[in-house]
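Here are my notes on this model, jotted down as I went through it. Have a look at the structure first, then see whether you read it the way I do.

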Amino acid sequence: MQGNLMSRRNFVGAAAATAATVAAFSLTGCGSNGSSDAKEDKAETKALSGTITAVGSTALQPLCEAAAEQFMEKNSGVQITVQGGGSGQGITQITQGAVQIGNSDVFAEAKVKDTADLEKIADNKVCIVGMGPIVNKDVTVDDLTIDQLKSIFTGEVTNWKEVGGADAAITVINRASGSGTRATFEAAVLGDTKIPDTFKPQEQDSSGTAAKMVASTPGAISYLAFSYYDDTVKALKVGGVEPKETNVEDNSWTIWAYEHMYTAADPDEATKAFIEYMMSDDVQGELVEAQGYIPVSGMKVEKDASGKATKK
């Protein structure tokens, strides 16, 4: 019996050792697979998904569209739709919670009537946009002062010969009242001067349409973001200053604005990631300038919501 007991103990011990070895081997293998699975699970957890709609400023639209395309290439689970409609529309829709991003050329404070709505949203200044007057290519004038621009855009001056050009009628093409580009241009050029009720130039809802109208209308004048400048129209100097990014940076060129991408105060994960991408080197270091905008980091001055510019 004792011998049998000893054999059983030896057998149980050997079996236990063998089981332990097998278990250890199995755990080692499982550990490797588990680690791999964990990494895969982690990667899946990090994969973004969702739908983002950005509405508003047509001045910002080209950059927003280009950045969205790049972002979606990196994040196939996210669908971004970029629409125009004007800064007023962008701010209205983001405060109503109708979209994930409201793009604007102006501070929300300038558009929001109920200040409580400002607590619902977060401001993201993604770049600077210079804006300026553009004319049909047949216009012989190359340079206008602020006062001359004011006279044209209030209807006081109606012929190019009054500002040193040929004897030809001036056709003013304005942006619609909700346009941030219009608000920026009028703040810099008109100041507190009101446009007479009797002066009713035609209005266009988008920067692209305004550019096409100027290009096809003899004697026409309007204003655009630098990002829309091309060889179909002629950009004017203002007071001898060229419409260049370096002149915007030190405020020698005073017609400029921040491009805001407003989100909910607590945005969803995909929207937050897209805004972070907008501020990344991929966009700020390359895409912003390639699209005709100016990085915020390059500015030597800054503006507050009232439009006052001060040195940094």
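How many salt bridges does a search of the whole structure find? It finds 7, a salt bridge being a side-chain nitrogen of Lys or Arg within 4 Å of a carboxyl oxygen of Asp or Glu.

Before the details, some housekeeping. This is a predicted model, in which local features need pLDDT of at least 70 and side-chain atom pairs count only at pLDDT 80 or more, while totals for chains, interfaces and linings use all residues. Residues are numbered from 1 along each chain as its sequence is written, and side-chain values use heavy atoms, with hydrogens and water left out.

1. Start with Lys-74 and Asp-282, a salt bridge with its closest N and O atoms 3.8 Å apart. Lys-74 sits in helix 2 (residues 61-74) and Asp-282 in helix 9 (residues 281-290), so the pair ties together parts that are 208 residues apart in sequence. Helices and strands here are DSSP runs (H or I, at least four residues, for helices; E, at least two, for strands), numbered from the N terminus. Lys-74 is exposed, with a relative accessible area of 54%, whereas Asp-282 is partly exposed at 33%. For the cut-offs, buried is under 20% relative accessible area, exposed is over 50%, and partly exposed is in between (1.4 Å probe, protein chains only).

2. Glu-249 and Lys-300 also meet through their side chains in a salt bridge, at 3.9 Å from N to O. This pair links distant parts of the chain, 51 residues apart: Glu-249 belongs to helix 7 (residues 245-249), and Lys-300 to the loop between helix 9 and strand 13 (301-303). With 17% relative accessibility, Glu-249 counts as buried.

3. Lys-125 is partly exposed at 32% relative accessibility, and Asp-123 is partly exposed at 30%.

4. Which residues of helix 9 are buried? They are Val-283, Gln-284, Leu-287 and Val-288. Down the helix axis they fall within an arc of 125 degrees, so they line one face of helix 9; the arc is taken from the directions from the helix axis to the C-beta atoms. The face turned away from that buried side carries the exposed residues Asp-281, Gly-285, Glu-286, Glu-289 and Ala-290. Among the elements covering the buried residues of helix 9 are helix 2, strand 5 and helix 8 (269-278). Just after helix 9, Gly-292 has a positive phi of about 90 degrees.

5. Helix 6 (residues 207-216) buries Ser-207, Ala-210, Ala-211 and Val-214. These fall within an arc of 100 degrees seen down the axis, so they line one face of helix 6. Lys-212 and Ser-216 are the exposed residues on the face turned away from the buried side. As background, an α-helix has 3.6 residues a turn, so residues three or four places apart point the same way. The buried residues of helix 6 pack against strand 5 (125-135), strand 7 (171-175), helix 5 (180-189), strand 8 (202-204) and strand 9 (220-225).

6. Strand 7 is mostly covered, with 4 of its 5 residues buried. It runs parallel to strand 9, joined by 2 bridges, and Thr-171 stands opposite Ala-220 there. Strand 7 also pairs with strand 8 in the parallel sense over 3 bridges; pairing needs at least two DSSP bridges between the strands. Arg-175 has Gln-204 in strand 8 as its bridge partner. From strand 7 the chain crosses through helix 5 to strand 8, a right-handed β-α-β crossover (with the strands pointing away from the viewer, the path from the first strand over the helix to the second runs clockwise).

7. The largest nonpolar core has 80 residues, and those with the most contacts inside it are Trp-160, Ile-221 and Phe-274. Strand 5 gives the most to this core, with 7 residues. A nonpolar core is a set of buried Ala, Val, Leu, Ile, Met, Phe, Trp, Tyr and Cys residues joined through side-chain atoms within 4.5 Å.

8. Is Asn-103 buried or exposed? At 0% relative accessibility, Asn-103 counts as buried. Asn-103 is found in strand 3 (residues 101-104).

Technical notes:
Contact = heavy atoms within 4.5 Å.
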